[in-house]
Amino acid sequence: MAYMLKLIQKQLDTSLIKLSLVFAFIYCLLFNSAVFIYKFDYYKISVLKAIIELSKDFLYIYLSLFIIFFGLTIHRLVFIVGTIFLFLSGALASYYLYFFKIAPTKEMMEAFFCTESNEAYEIISTRLIVWLFFSLFVAIYTIKHFSVNNTKLFVTKLLAAICILITINSIIAPQYKVLKTYFPIQYLHNSYLYLFKHTNNNARIDINKQFSFYDNSSDDIVGVLIIGESARFDHFGINGYNRDTTPYLNDLENVFSFKAQSCSNVTHLSVPCILSRHSKSNIDGINQETSFLSILTKLNFNTSWISTQSLLKYLKNLNVGTIYDDVNFALIPGGSTLIKMNDHDGVMLPYIQNILTNTGKQFLVVHTSGSHWNYLSRYPENFQKFNPDCNYNGKANFSKADPSTCNSEGLINTYDNSILYTDFFLHSVITLLKDKNAFLIYASDHAEALGENGRYGHGGDLTIEQTTIPFIVWFSDKFQKNNPDVKIAIKSHTNSEINHDFIFHSLLDCIGISSEIIDKNLSLCKVNNG
Ligand SMILES: [Zn+2]
């Protein structure tokens, strides 16, 4: 054993390891700083947490850059050409991210490769040229300084070859999602997708390529979609429930409430369905095409997704998780240290407020935990209005219990408290939007059985208790001023039952996007003639 270790030690070229560590660090510092600054802008609400979050990212990205540079040491020439390429491409990518907030997404790489389709890449400023030359200079200077030589040691060569394979694998299919948001994997992976997508069966069909979309929206429009969780239409005070579970919504102006049917009774089917032009009868279509968010991103809306729950958790093996790729920024579903999964929805409010300080056209999706089981974990103590709730012993161990162990009265009290909190949350978001030119839809992903015929929760057979959802529309005074007919149109739908299909067509139509595939009959902003 000791002999083996010694042999390996003798076979390891430590100078190449040091060199790779240094190059990885310089690259990270020069180019990924732009990514860190970009991300920090979203996280700045809690500086300490942002630092923790970004440090975690830094470790991943530093390690992956080390692997890339160590792979390049396989041959002196490969290292020189590869490093110069990485530094120049890194300079380009960081420049556009830093000055224009343009990230090298798949769409942008497409624009980059066919230059006439995007003006952003036609702007070549002196500032950019200086930055490119500076990066080139750093690359050449460092290469000279370290005098890269070919190693004669077999183990070192073998390790470098393995690193090349890992790098190629990261470019084709990044193992860690976080790598997809940093350089160089982000632009290399997206270039790969663009250049070789014909052979990539996993890529969804880009809806923007199938149809044309025209943006007639105001420059300051803010669209918001709040996706509720397990909320029932008939447990909302605003819908005639005998308890006042929605005191805030009752008092708000320009709120319209609809009875609606959900696409399915499980989150991971409903959410993609909500975002898609396809309806529930075409599940394959839903999963194979990009969502309406990709349309807005393409039309230069600043699109963000914020959530206290993750779709990826359920969809590891499905392609649907790539919904997050349709927006400019996702904060961060699936295990962020910033937002704990299934935390109270209110933790998102400061982040939403921060996102809304951006100027220009915006669209924000807020995916809530709403009234998902365990209801008791969905609201803070001061929302415990209906009693007794299911918290028999005041102990957290209840979280392991299932709904059927709570008596019916307690269960409904607990559930209603979570609706009360949802009412507060919706009101809080609306307050942030009040002075903007804003249009908002809130719709639950599905509803919830509360013991009817012995059924609890959701999933399984489709029952009316699990699919009858609240669907609420709100718009600001400014929005109404710009769209004087909107009230009459929305009101004309209030007596008819609607469904999730209305979301795609209404959101696009109401905020001012037109296209041959927007069905006016499914838009709440067109008068209902039916
Ligand atoms: Zn759900």
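**Exercises on a predicted model**

Asparagine 300 counts as partly exposed, because 13 C-beta neighbours lie inside 10 Å; a residue is buried if 20 or more other C-beta atoms lie within 10 Å of its own, exposed if 12 or fewer, and partly exposed in between, with C-beta atoms placed from the backbone. This is a predicted model, in which local features need pLDDT of at least 70, side-chain atom pairs count only at pLDDT 80 or more, and totals for chains, interfaces and linings use all residues. Residues are numbered from 1 along each chain as its sequence is written.

**Exercise 1.** Determine whether serine 230 is buried or exposed, and state where serine 230 lies.

*Solution.* Start with the place, which is the loop between β2 and α10 (247–251); helices (H or I, at least four residues) and strands (E, at least two) are DSSP runs, numbered from the N terminus. Next, count the neighbours: serine 230 has 28 C-beta neighbours inside 10 Å and therefore counts as buried. Finally, look at the backbone, where serine 230 has a positive phi of about 55 degrees although it is not a glycine.

**Exercise 2.** Work out why strand β6 (residues 362–367) is largely enclosed by the rest of the structure.

*Solution.* First, recall that in a regular strand the side chains alternate between the two faces of the sheet. Then inspect both faces of β6: Gln362, Leu364 and Val366 on one side are buried, as are Phe363, Val365 and His367 on the other. Six of the six residues are thus buried, so the strand is largely enclosed.

**Exercise 3.** Find which residue of β6 is the bridge partner of valine 222.

*Solution.* Strand β2 (residues 221–228) pairs with β6 in the parallel sense over six bridges, where pairing requires that DSSP finds at least two bridges between two strands. Within this pairing, the partner of valine 222 is glutamine 362.
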